[in-house]
Protein chains: 2
Amino acid sequence: MIQIAILGFGVVGSGTAEVLTENRALIAARCGEEVNIRYILDLRDFPEHPLGNRVVHDINVILRDPEVSVVAEMMGGSHPAYDFSRAALEAGKSVVTSNKEVVATYGAELLELARSKGVSYLFEASVGGGIPIIRPLQNDLACNEILSISGILNGTTNFILSKMKREGVAFADALAEAQALGYAEANPAADVDGLDAARKIVILAALAFGVLVSPSDIRVEGISHITPEQTAVADAMGCAVKLIGHTERIGDRVLALVGPHMVPESNPVHHIEGVFNGILVDADMLGRALFYGAGAGKLPTASAVVSDILSAASSAGRPSLPHWRPAAPQDLANPADRRCRRCFVLEGDAAAAEKAKAFFGYDSFAVFGNGSFAFLSRPMTEREAGRALAESRKTLRWTMPVLD
Amino acid sequence: MIQIAILGFGVVGSGTAEVLTENRALIAARCGEEVNIRYILDLRDFPEHPLGNRVVHDINVILRDPEVSVVAEMMGGSHPAYDFSRAALEAGKSVVTSNKEVVATYGAELLELARSKGVSYLFEASVGGGIPIIRPLQNDLACNEILSISGILNGTTNFILSKMKREGVAFADALAEAQALGYAEANPAADVDGLDAARKIVILAALAFGVLVSPSDIRVEGISHITPEQTAVADAMGCAVKLIGHTERIGDRVLALVGPHMVPESNPVHHIEGVFNGILVDADMLGRALFYGAGAGKLPTASAVVSDILSAASSAGRPSLPHWRPAAPQDLANPADRRCRRCFVLEGDAAAAEKAKAFFGYDSFAVFGNGSFAFLSRPMTEREAGRALAESRKTLRWTMPVLD
């Protein structure tokens, strides 16, 4: 019998209890052991809930109980989630979490602490909701050098952008519908400004490159300024505008960023619609692989938490944890050095577009009625793009990187 | 130091050596142990190869060496691959394989033998090439009841169907190009007739439902009879024709089959083009997840083999293997009982199509110049479809199931 404690009985916490209860027999049959929820830590009481008698209000009850081997932290926020996670690891208990804020900020330290105690610190649910991505990256791709990871890491913004593309509506209208459907919070800033995706991409970057960058140290751009004109231009270019978290190495530095990208049809990420997430991994031996599914939601996220609980229990005594080191300033690549194709919208007509060709090296262009033309350039850095703009003497309306 | 032996130094075998050599340092750093290729078993010699001095021609050399803990079988075919795998397990060595033929036929027996010996029998590379799917199904989805698995499991046929859709060419022409590009064998029967996909879907069905069905006991239909007219009708219906391996439970019986399906745009499998594979898993807690990537090829497949080698080594002493039982006749569902939407092409005009509506319950239809009309029906079994055809007194040109 695996004895666990749930910290935080909100959406994911109660979903975790639901998964463990609904599929109790199946889990026991597959894992050879039953999982028992011994404690639920929450400020509230849940007298009507079947597990209401497991509720405690003092973390020390859990920390002091030697029977509890796994603590599932689903409180959200940094404190006291971080402090309780630390205390549980210190007490020799494995910790699993859906809390991307804690992993993105304190992951390196908590992994090190877990390693020193011989227990696990697992966080499959912190990125991509229920989609298996953390464990596949660590286990299935262990023999690969990761070249890049790019993906749709936030369902709310993908719902908004999908709606803008499909119906040509403005950002504010698409956001209002997302809020009406419960896909966006009343205060949607963490989603639409890219912070949620930023926390997830630094976790993926750490898994890929072993260096944990602070979300506040990377370039993060949201989608609130995306216009229907931009989604229409993307369409004309055979692309979709997507909010992409991206990480790659430039030399021996790590680049991580979040921002709107033009994604052509040839990239499977192009076709990910609505609240779904998809993470594209490019690895030296495997090539490209996409992991797609529900990036949020009660039961999908809980499914990932429970998979971590089972993994922590089955690897007891010899967990295999990644080595992360907090990034130093010299570990960070300058986003201006990223080389990729870029969409440019410049002022001018077809003749001007023809003249720009030599500077930007594109294959085809589109001219719009409003005195502008657009094309997808050859791969170039921001510096090279600036030089091409200056030398071609064209006026930039806007530009956006392409995710090929 | 993990000592391994490679059985069969063909494409995947030599790729496995390449992955282990190229990424030796990275693997050692992540796993804490180096992997050494102690033997390569092949009928041939490879005097020019850097590992040519590891070649042996007698399996007993490997079986008798107590240092060898993992045997990687990449010989292809059932014999002697099965016999050598059995012997290696009997000798207390873990076996990993890319050989879907052996896993689909002897998997239940070899898993049982491995369990009795306390070693691993792993086969990530047998389905989906390099795509992580077997381990995620077992570990990440362990707390889920699998509802269905459907996917593009064969890259050759997907290349052919993609080309037929994109260019409107006939099957024979698309096959010829696939052969010219090296995507199809000179004798393409195993791919185009669906046998390769059949072996893979029975492996996935066993992972989902614990029952190993023989590939020869399931309904398998290939793509050689697919016409440009059919791909055009699919297009008109907003679908693509894809060769799909599908498994689900009907009552307490297991359905597994391979055949052409109409896949609507709303299904992410629709967008998988060319030689790529994609496997869609529907699970009770996680919902839908797609695993996409290179379904074949030297290095992608080798990447999966090496991930199994590392997994076998790290779980030495306590492997966690699935329980499979060979299917009895009463375990098999009748494919005629499968309930799904279906595309029908019937003879008649718009007036006839309107009259058919009540029998088939569709939303919209398309009328073609050749005296036929098409629609996607409500979900129905084959029996119900036959009844609807009889009662509506319409003449069937052809029908195809829809993968929603």
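Reader: Which residue of chain B comes closest to the rotation axis?

Author: In this predicted model, F291(B) comes closest to the rotation axis of the residues of chain B, its C-alpha lying at 2.6 Å.

Reader: What makes the two copies related as by a two-fold rotation axis?

Author: Chain B is superposed on chain A by a rotation of 180°, with 0.0 Å of shift along the axis and an RMSD of 0.0 Å. The two copies are thus related as by a two-fold rotation axis.

Reader: How do you know that the copies meet through the same surface?

Author: Of the interface residues of chain B, 100% are also interface residues in chain A, so the copies meet through the same surface. With contact taken as C-beta atoms within 7 Å, 40 residues of chain B are in contact with 40 residues of chain A. Elements giving two or more residues to this side of chain B are α2 (24-31), α6 (134-140), β13 (287-294) and α12 (298-314), and the largest share, 9 residues, comes from α12(B). By kind, the residues on this side of chain B divide into 22 nonpolar, 12 polar and 6 charged.

Reader: Why are β13 of chain A and β13(B) called paired strands?

Author: Pairing requires at least two bridges between the strands, and 5 bridges join β13 (residues 287-294) of chain A to β13(B), so the two count as paired, and they run antiparallel. Within this pairing, A289(A) stands opposite G293(B).

Reader: Into which domains is chain A divided?

Author: Chain A is divided into domain 1 (2-132 + 299-324), domain 2 (135-294 + 329-335) and domain 3 (339-401); the C-alpha centres of domain 1 and domain 3 of chain A lie 51 Å apart.

Note on methods. Residues are numbered from 1 along each chain as its sequence is written. Chains are lettered from A and ligands numbered from 1 in the order in which they are written. This is a predicted model: local features need pLDDT of at least 70, side-chain atom pairs count only at pLDDT 80 or more; totals for chains, interfaces and linings use all residues. Two residues are in contact if their C-beta atoms, placed from the backbone, lie within 7 Å. Helices (H or I, at least four residues) and strands (E, at least two) are DSSP runs, numbered from the N terminus. Ala, Val, Leu, Ile, Met, Phe, Trp, Tyr, Cys and Pro count as nonpolar, Asp, Glu, Lys and Arg as charged, and the others, Gly among them, as polar. Domain bounds come from an automatic or database domain assignment. Copies are superposed by least squares on the C-alpha atoms of residues with pLDDT of at least 70 in both.
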